[in-house]
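Hello,

Here is the structure I promised to pass on. Please have a look at it first, and then read my notes below.

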Amino acid sequence: MNSVSATATSTNVATSTLPKFMTDKMFAINMFLVAVWVFSIPFVYHAFTNGLDFVSDSQSGHPAFNQPGNLTALHLLAWHMMFGAMMNFISPLQVHLGLTHKKKSWHKAIGVSTIAIAFFGASVGTLYFSLYYDSNMVGEGLPPFIYQPGTVYGVVMFYVIYKVIQSLVQRDFAVHKEWAIRLFILAIGSWLNRVMAGWWATTAVVAGESVLPSQMAMGIINSWGFYIIPLAIYEVYLRLGRAGSFKNLPAYAPFAASVVGSAILGIGSVVYVLMASYA
């Protein structure tokens with residue numbers, strides 16, 4: 001009995017030596033959300049201002065709008081960029097409010113706004129990618145990668161929006177949280193596409209282009225992976241959690257995961273911004 005008590009005491013002492021923020025799960029989540037918000041600001045600004053520029057006068061310096069195409073199609077793309085930027089900008093705050101249960105009136109108002117923006121953004125994006133040709137998404141001598149995944153991305157968005165609303169109507173808040181986080185993943189999807197592109201470039205510089213798959217393979221992986229991969233990771237996380245796989249993890253595990261996740265997003269995002277700056 002005494003040995004058990006001694007072991008428990010020594011464990012508590014070891015745990016207490018860590019700063020409180022390193023064992024606070026909510027701190028880890030908020031740190032990750034702040035990282036998402038900060039690192040995605042260049043993308044949000046670029047997408048929104050270029051989309052707004054084209055909506056205002058049907059002209060823009062962005063290469064997506066300097067291509068042959070139907071004017072209606074380009075306006076759909078411009079609105080898609082604006083809605084996507086707005087959704088990316090507000091969704092980290094919405095998740096924070098939902099998880100902390102603070103400022104419920106704000107959470108409700110931003111939630112309604114997020115759903116509306118997601119719906120209209122997915123609508124114009126799905127119409128664009130399913131109906132029109134986008135030469136900007138095609139590399140030299142390569143087929144277009146973005147049509148099917150871009151269209152399916154919109155369909156997935158519609159379904160997730162439906163489940164978010166359904167769980168609210170049914171007042172099943174545990175299920176609602178899961179679907180709301182899936183919506184958050186989709187909301188930052190266009191930015192995650194750029195993060196993946198940044199990592200392709202980082203890998204090419206550090207390890208050499210010979211380690212990368214072909215340009216065609218990278219295009220296919222990036223076009224589908226920017227939303228399927230994070231959704232799959234979240235699904236695995238949920239299933240492992242329900243199976244009790246995280247019960248024996250150390251108290252600092254959420255903090256460590258947040259640091260690693262933030263670093264992955266930060267490096268990919270910074271490299272992509274540098275690529276765009278020197279292109």
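First, a word on what you are looking at. This is a predicted model. The mean pLDDT of the protein chain is 88, and 88% of its residues reach 70 or more. Where pLDDT is low, the predicted coordinates should not be read in detail.

Now the overall picture. The protein chain has nine helices and zero strands, so its elements read α-α-α-α-α-α-α-α-α from the N terminus on. It has 279 residues, of which 40% count as buried. Among contacts with a separation of 6 or more, 73% are between residues 24 or more positions apart. The accessible surface comes to about 15600 Å², and carbon and sulfur atoms account for 69% of that.

Phe 65 deserves a visit of its own. Leaving aside residues up to four places away in sequence, Phe 65 touches Asn 50, Phe 54, Ser 60, Leu 74, Leu 77, Ala 78 and Met 81.

The aromatic pairs come to 17 in total. One of them is Phe 54 with Phe 65, a stacked pair with 4.4 Å from centre to centre and 10 degrees between the planes. Phe 54 lies in helix α2 (residues 25–57) and Phe 65 in the loop between α2 and α3 (71–100), so this pair ties together parts that are 11 residues apart in sequence. Is Phe 54 buried or exposed? Its relative accessible area is 2%, under the 20% cut-off, so Phe 54 counts as buried. Phe 65 is also buried, at 6% relative accessibility.

Another pair is Tyr 153 with Tyr 227: the ring centres are 5.0 Å apart and the planes stand at 40 degrees, so the pair is tilted. This pair links distant parts of the chain, with Tyr 153 in helix α5 (residues 147–169) and Tyr 227 in helix α8 (residues 215–242), 74 residues apart. Both tyrosines are buried.

Two charged side chains also sit over rings. Lys 103 lies over the face of Trp 106, at 5.0 Å from the ring centre. Arg 182 lies over the face of Trp 179, at 4.2 Å from the ring centre.

Finally, a residue on the outside. Lys 108 lies in helix α4 (residues 104–131). Its relative accessible area is 63%, which is over the 50% cut-off, so Lys 108 counts as exposed. Lys 108 and Gln 94 are 14 residues apart in sequence, and their C-alpha atoms are 8.8 Å apart in space.

Best wishes

Methods: Residues numbered from 1 in each chain as written. Predicted model: local features only at pLDDT ≥ 70, side-chain atom pairs only at ≥ 80, totals over all residues. Heavy atoms only, no water. Helix = DSSP H or I, 4+ residues; strand = E, 2+ residues; numbered from the N terminus. Buried < 20%, exposed > 50% of the residue type's maximum accessible area, 1.4 Å probe, protein only. Contact = heavy atoms within 4.5 Å. Areas by Shrake-Rupley, 256 points an atom, 1.4 Å probe, with all protein chains shown as cover. Phe/Tyr/Trp six-rings, centres within 6.5 Å; stacked < 30°, edge-to-face > 60°. Lys NZ or Arg CZ within 6 Å of the ring centre and 35° of its normal. pLDDT = per-residue confidence, 0-100.
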